[in-house]
Each structure stands twice: as C-alpha cells, then as structure tokens.
Amino acid sequence: MRLLALDTSTEACSVAVLDGDTLRMRFEVLERGHAERVLPMVDELLEDAGLALADLDGIAFGRGPGSFTGLRIAAGVTQGLALGAGLPVAPVSSLAAVAAQVPGATGEVVLACNDARMGEVYWAVFRVEADATLSPLSAEHVSGPENVGRDAPSAMHAAGNAIAAYADLANRLAAAGVLVHPGVYPRADAVARIGAALLAAGGGVPAEEAQPVYVRDDVARPSGATVTGMQ
C-alpha cells in the first residue's frame, strides 16, 4: 500500500507517506500557517520517497473533529490532490489518530480527548483489538471538561492535547486510576496506518466525498451540555 496522509485538525500540522513498511513523516506545531506549510510538506515527502501522486493507492486525511479552519484545509487539499490524480480517499477520525498512538494491550480502552477551545473538549472512546486496530465504543462528542467520558465505557488510558489544557480533567482522570498520556496530537503517521486499513477493506470514498466532520456545528452555542456527533 502506498498512501499519502495529512492532518491539520489541531495546531499540529503533519504529513506522512506510507510505502509498504516504510513510513516518512513531517510534523510541526504551528499557531497558524497550516495552509502555507501542508503542500510543501507533501512535495518534500513525495520527493524523498521517490513517488508521484500517480504512484499512490489513495490519500487519507484527518476529517475531524477539530479546528474548523484546519479541517477545511485538510479536506480541501485532499480533494484537490485526489481529484487530480484519480485517487480514492480515506477519511480518518482525528480522535482515532490520537488513540492509535497509545500503547494499549488487546482489549484495553482508550479515551481520546482533544481541546475544542471555547472551554470544551472533543472526545470519544475506543477499544484496542487483537490486530492493533481500534473499535469505537462511543460516538464522537463535544462537551465541557466535566462531562468528558460521561455515560461511556471506563477507560484505562486517556490521551490528547485536552489533558494539558484542562487541569481539572487531568486530575479527575488520574484520580480515577486512568493512565494519562498528555500532549498527544493527531498525527499523519497514525492517519496513514488507519487510512491504509480502511482502503484495504474497501472503505475509501471518492474525492468529492472527502468532507470534514465538525461535531460542533454551532460555534455560538454555550458550553456545558454534551452534544453527540457523528461516529
């Protein structure tokens, strides 16, 4: 499988190229400028790998939830590249891309939680399967930190940039005996591996269907209530 992957759903901007068992990645944490960096990263990695877009089997992207602007950048770049090269697209949950970086044993449960700004958190719960893939155990949510994990299966691990952003959340998780992994961003290497599995299973979509999943659909909504979004 030869695959290009990218994620701009948070302040982290990353691109990866998977070529069989070889994976190359560029990763930068930026306050702004994702739109200006992502295409040069793509060009650099394809050149390093000795590949052209026409050599790829598909493109995977972090489809959210995350920054509205970042998700639009990732979806737009993915659509443009995939349409031009006639490639299928694998939309990957940015929360799954966080959970995939946690070293969990088979059957362990991971809570992925990313900072949604505005005093809220994007979160979802996943189980690690025997083949190291992830199965979602909850929908994707946006809520206040106090509601993260509510009515969801108990997790052994928690990861994501929301942990450092909300001290009360970090303290509550630690007090419950959850193994906390702060500072984990969605990364293109994780997006690539999840996306490759999706494409191999026939889960790719046409380029025009590469759409963001925002979860939070009303930026003016007051925080507090849990809102269930797409899984």
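Student: How many residues does helix H6 have, and how far does it reach from its first C-alpha to its last?

Tutor: In this predicted model, helix H6 covers residues 188-200, which makes 13 residues, and it reaches 18 Å from its first C-alpha to its last. That is close to the 18 Å expected at 1.5 Å a residue. After H6 comes Gly-202, with a positive phi near 80°.

Student: Which residues of H6 are buried?

Tutor: The general idea rests on helix geometry. An α-helix has 3.6 residues a turn, so residues three or four places apart point the same way. In H6, the buried residues are Ala-188, Asp-189, Ala-190, Val-191, Ala-192, Gly-195, Ala-196 and Leu-199.

Student: Against which elements do the buried residues of H6 pack?

Tutor: They pack against strands S1, S2, S3 (22-29), S4 and S5 (89-93), and against helix H3 (94-99).

Student: Which residues of the largest nonpolar core touch the most other members?

Tutor: In soluble globular proteins, nonpolar side chains tend to be buried together. Here the largest nonpolar core has 27 residues, and Leu-4, Leu-6, Val-15, Val-17, Val-38, Phe-61 and Val-89 touch the most other members. Two or more residues of this core come from each of strand S1 (2-7), strand S2 (12-19), helix H1 (34-49), strand S4 (58-64) and helix H2 (68-85). Another core, of 17 residues, lies apart from it and includes Val-98, Phe-126, Val-128 and Val-142.

Student: What is Leu-4 in contact with, leaving aside its neighbours within four places in sequence?

Tutor: The contacts of Leu-4 include Val-15, Val-17, Val-42, Leu-53, Ile-59 and Leu-81. For the protein overall, 67% of the contacts with a separation of 6 or more join residues 24 or more positions apart.

Student: Is Glu-140 buried or exposed?

Tutor: Relative accessibility decides the matter, with buried meaning under 20%. Glu-140 counts as buried because its relative accessibility is 3%. The residue is found in the loop between strand S8 (134-136) and strand S9 (141-143). Its side chain makes polar contacts with the side chain of Arg-63, at 2.8 Å, and with the side chain of Ser-93, at 2.6 Å.

Student: How does the radius of gyration of the protein stand against that of a compact globule?

Tutor: A compact globule with 231 residues would have a radius of gyration near 17 Å, and the 17 Å of the protein agrees with this. The protein contains 6 helices and 12 strands, and 50% of its residues count as buried.

How values were computed. Residues numbered from 1 in each chain as written. Predicted model: local features only at pLDDT ≥ 70, side-chain atom pairs only at ≥ 80, totals over all residues. Heavy atoms only, no water. Helix = DSSP H or I, 4+ residues; strand = E, 2+ residues; numbered from the N terminus. Buried < 20%, exposed > 50% of the residue type's maximum accessible area, 1.4 Å probe, protein only. Polar contact = N/O pair within 3.5 Å; in protein donor to acceptor, adjacent residues only side chain to side chain. Core = buried A, V, L, I, M, F, W, Y, C linked by side-chain atoms within 4.5 Å. Contact = heavy atoms within 4.5 Å. Rg over C-alpha atoms; globule rule 2.2 N^0.38 Å. Expected span 1.5 Å × (residues − 1).
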